[in-house]
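Some structural terms are only as clear as the cut-offs behind them.

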Amino acid sequence: MVILTSVLTTGALTLTACGSRDDSGDKGGDNGSGTTLTIGVDAPLSGENSTTGLGIQYGAQIAVDDANKNNWVPGVKFKLKALDDKAQPATGQSNATNIVGDKTAVGAVGPLNSGVAQTMQQVFASADMVQISPANTAPELTQGKNWQTDKKRPFKTYFRTATTDELQGSFAAGYAYNGLKKKKAFVVDDKQTYGAGLAKIFNEQYKKLGGKVVGTDHVNTGDKDFGSLVTKIKNSGADLLYYGGQYDESALITKQLKDAGVKIPLFGGDGMFATTYIEAAGKSSEGDLATAIGVPADTLPAAKTFIQTYKDKGYKGDYGAYGAYAYDATTAIIKAVKAAADANGGKVPTDINDLRSKVVDGVQKSDFEGLTGKISFDEYGDTTNKQLTVYQVEKGAWKDVETGTADLQ
């Protein structure tokens, strides 16, 4: 997560490093000897899922650099610190504890994984500190564990610029049945919060549409040999494999499936939408599909400068999945800080607890045009932007083939 670290000239707050990566980026518009605020970012920056995790880190970094260069908050300089959760819930919780323990931190962006988020939410809520994820899609994070029957927001400090799996799984089911004309699906998940939840919703919606689920199975993250799963899929007669999980396992599954002569597409969610999937699976990925939140970043006029900056800086990772959403999440925090300062005679409140609380309130009231469209949140902390896109691998690259909103059955 990126950490907002705030150092006030009064000495009321002091800057601490928390053992994180210090990626200050451009010096930009140094606001003199005024306040320095640090925004925390948590994501997998190494190992599994790091391609998309790095996209989150650097998307947030560009927002911080833009804020400093253009003096978005007069008298305030923002600084980004990124913490690596390695896609592990326990590490994410530890990172959250580090962030709130820094009495200068006012907000956090991340994480990537919904299972990691579950361990972090209470930590941030106890500190009344805002957390905005550009990637989490599990419905229960904002709508409670009984979200299908009784929606209740569990934490007022948690928000997301990504839409939910309820919509993503339904959108995928609709495209699989009506767009691809696939009538027999085999459904697999990785037993993680995100993957299992997404697969469950696809399963339910696909059957409601008239499709037949001819088999289901589960795999473990980190598995390499999917021979037995391939045999089950081959014997099932499925014309589509739907996978709930990340690109690490799905790339291996599709390769082993095609190598066994099972020439059916693998369809997954946004956890699969990364260039690494295509690189790892090679030609076996041709024709595979993935849903992703929002519309393609390269089609958004406001995102063109962001994309060019990302490329010019030579930043690692993939901005395509969540980079622009991380930028908008970071911007929402920065704008909330400005609102707090504006309401305080142009000065950032010196009491950290008061500032954190005001930033939470400010984010809830967000209403601005971001890189990904209008940024605002509903009563659950969910984005009001419900757009989704289906991508398909064509000639070794992801190509958008359908954009719209889910039609819940």
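Buried means under 20% relative accessible area, exposed means over 50%, and partly exposed lies in between, with a 1.4 Å probe and protein chains only. This is a predicted model, in which local features need pLDDT of at least 70 and side-chain atom pairs count only at pLDDT 80 or more, while totals for chains, interfaces and linings use all residues. Residues are numbered from 1 along each chain as its sequence is written, and side-chain values use heavy atoms, with hydrogens and water left out.

Q: Which residues of α12 are called buried?
A: In α12 the buried residues are Ile 352, Leu 355, Arg 356, Val 359, Val 360, Gly 362 and Val 363. Helices (H or I, at least four residues) and strands (E, at least two) are DSSP runs, numbered from the N terminus.

Q: Why are the buried residues of α12 said to line one face of the helix?
A: Viewed down the axis of α12, they fall within an arc of 165 degrees, and therefore they line one face; the arc is that of the directions from the helix axis to the C-beta atoms.

Q: What do the buried residues of α12 pack against?
A: Their partners are β3 (35-43), α2 (89-101), β6 (130-133), β7 (158-160) and α11 (319-342), where contact means heavy atoms within 4.5 Å.

Q: At what angle do the axes of α11 and α12 cross?
A: The two axes cross at roughly 115 degrees and come within 8 Å; axes are lines fitted to C-alpha atoms, for helices over the stretch in contact, and angles run from 0 to 180 degrees between N-to-C directions. The contact involves Ala 332, Ile 333, Ala 336, Val 337 and Ala 340 of α11, together with Leu 355, Lys 358, Val 359, Gly 362 and Val 363 of α12.

Q: What is the relative accessible area of Met 129?
A: Met 129, found in the loop between α3 (114-126) and β6, has a relative accessible area of 0% and is therefore buried. Among the residues that Met 129 touches are Arg 356 and Val 360.

Q: Why is Gly 244 called buried?
A: Gly 244 lies in strand β10 (residues 240-244), and its relative accessible area is 0%, so the residue is buried.

How values were computed: Lists of a residue's contacts leave out its neighbours within four places in sequence.
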